[in-house]
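Let's walk through a protein model together, one piece at a time. Have the sequence and the 3D view ready, and follow along as we go.

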Amino acid sequence: MASPVEQFKLKSLVPFELGGVDLSYTTSSLWMTITIVCVTAFLTLSMRGGRLVPGRWQSMAEMSYEFIANMIRENVGAEGRKYFPFIFTLFMFILVGNLVGMIPFAYTFTSQIIVTFAMAATIFIGVTVIGLVRHGLHFFSLFVPSGTPLILAPLLIPIEVISYFVRPVSLSVRLFANMMAGHTMMKVFGGFTVLLGVLGVAPIILLVALTGFEIMVAVLQAYVFTVLTCLYLNDAIHLH
Amino acid sequence: MPDEKEEKPVKIEELDERIRSMRRDVSNNSVHKTKGELPPSLAGIAARAGVELVAGVAVGAGVGYGLDLWLNSSPWMLIVCFILGAAAGMMNVYRAVNGMGMSVGFGNTRGKTDLEREE
């Protein structure tokens with residue numbers, strides 16, 4: 001029987017190597033492409049009519065737009081507007097990637113730490129650069145909480161610096177761990193069903209519940225990732 | 001009721017004023033959130049908290065190990081940074097639960113309007 005973690009194995013579909021670096025087009029890349037095609041098709045096709053009174057598809061597209069617009073307005077404020085394209089793209093990419101991964105035999109690229117870490121590191125570096133450009137050296141006042149007694153500063157500043165560098169790690173690990181754990185668990189329960197034969201009805205019932213739960217996690221994690229991006233952006237734009 | 005007619009224009013003006021102030025708010029993009037309101041998703045916060053603790057310790061230990069390799073001070077930086085990392089992790093969880101975002105610094109990122117920020 002297949003191991004529950006075998007689903008995460010990468011297969012290289014189009015082998016390609018450049019300067020000793022393996023740049024093959026893998027299953028992960030394939031599903032990223034599918035995700036991007038899905039998002040693009042969803043947004044362009046549903047908005048093609050552009051009616052004043054939206055139909056089902058158009059209102060779904062508008063709802064996702066408004067959801068992110070409100071999220072940015074609430075967490076970042078007016079200055080966050082110009083980062084809307086990036087945050088919206090990020091949200092749709094993660095959300096659709098998670099959901100597409102729920103299709104049987106699909107590959108969930110968000111269950112790979114390198115994918116989530118690449119996104120988190122981009123956000124981390126981008127946000128730091130935005131903060132430095134906007135505030136110059138004053139940006140480093142972020143590491144000194146207002147009202148810190150001078151005696152505590154040698155203790156608090158290292159803690160704050162570490163807590164700043166924790167950001168990309170926790171951001172990426174959260175998404176990756178949730179997706180990987182969920183998919184492994186589903187595979188394990190699927191294995192139980194096969195092993196138990198007739199009694200396998202019990203794990204199937206659990207599996208149905210678990211699938212629903214996984215879909216919730218998929219949406220929730222996309223939301224959490226995006227909200228945290230907004231919060232980090234807010235920190236860089238409005239220093240406390 | 002005799003004074004209702006006199007009151008009516010006042011009410012319309014009030015309404016105008018309210019509409020205008022709301023429009024101003026929208027154009028300022030400020031937030032309409034009552035203080036002390038629960039953050040939108042408790043499940044979201046729960047999902048954030050657990051990882052934060054582990055990540056704090058892991059990053060602290062990693063930084064400490066790196067510094068030890070660099071400064072040849074094994075194991076002192078590892079021990080110090082491990083503890084600092086654990087503290088950072090706990091502080092992040094505390095902030096997440098208090099609705100202060102996952103932020104460095106003590107500001108409240110939720111429910112704060114742009115006007116308040118400028119003050």
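Start with helix 2 of chain A, whose buried residues are I68(A), M71(A), I72(A), R73(A), E74(A) and N75(A). Here a residue is buried if 20 or more other C-beta atoms, placed from the backbone, lie within 10 Å of its own. Helices (H or I, at least four residues) and strands (E, at least two) are DSSP runs, numbered from the N terminus. Those buried residues of helix 2 of chain A pack against helix 3 (84-100) and helix 6 (201-237) of chain A.

Before going on, a word on the model itself. It is predicted, so to speak of a local feature we need pLDDT of at least 70, side-chain atom pairs count only at pLDDT 80 or more, and totals for chains, interfaces and linings use all residues. Residues are numbered from 1 along each chain as its sequence is written, while chains are lettered from A and ligands numbered from 1 in the order in which they are written.

Back to helix 2 of chain A: residues 56-75 make up its 20 residues, and it reaches 28 Å from first C-alpha to last. That is close to the expected 28 Å, where the expected span is 1.5 Å times one less than the number of residues. Just after this helix, G77(A) takes a positive phi of about 100°.

Of the 240 residues in chain A, 34% are buried.

How do helix 4 and helix 6 of chain A cross? The axes of helix 4 (residues 113-135) and helix 6 come within 8 Å and cross at roughly 20°; axes are lines fitted to C-alpha atoms, for helices over the stretch in contact, and angles run from 0 to 180 degrees between N-to-C directions. Helix 4 and helix 6 of chain A are therefore roughly parallel to each other, the term for angles under 35 degrees. Among the residues making this contact are I123(A) and V127(A) of helix 4 and Y232(A) and L233(A) of helix 6. Two residues are in contact if their C-beta atoms, placed from the backbone, lie within 7 Å.

Finally, look across to chain B. The axes of helix 5 (residues 153-196) of chain A and helix 3 (residues 76-97) of chain B come within 8 Å and cross at roughly 70°. These two helices are therefore roughly perpendicular to each other, a term covering 65 to 115 degrees.

Definitions and conventions:
Buried ≥ 20, exposed ≤ 12 C-beta atoms within 10 Å, placed from the backbone. Parallel < 35°, antiparallel > 145°, perpendicular 65-115°, else oblique.
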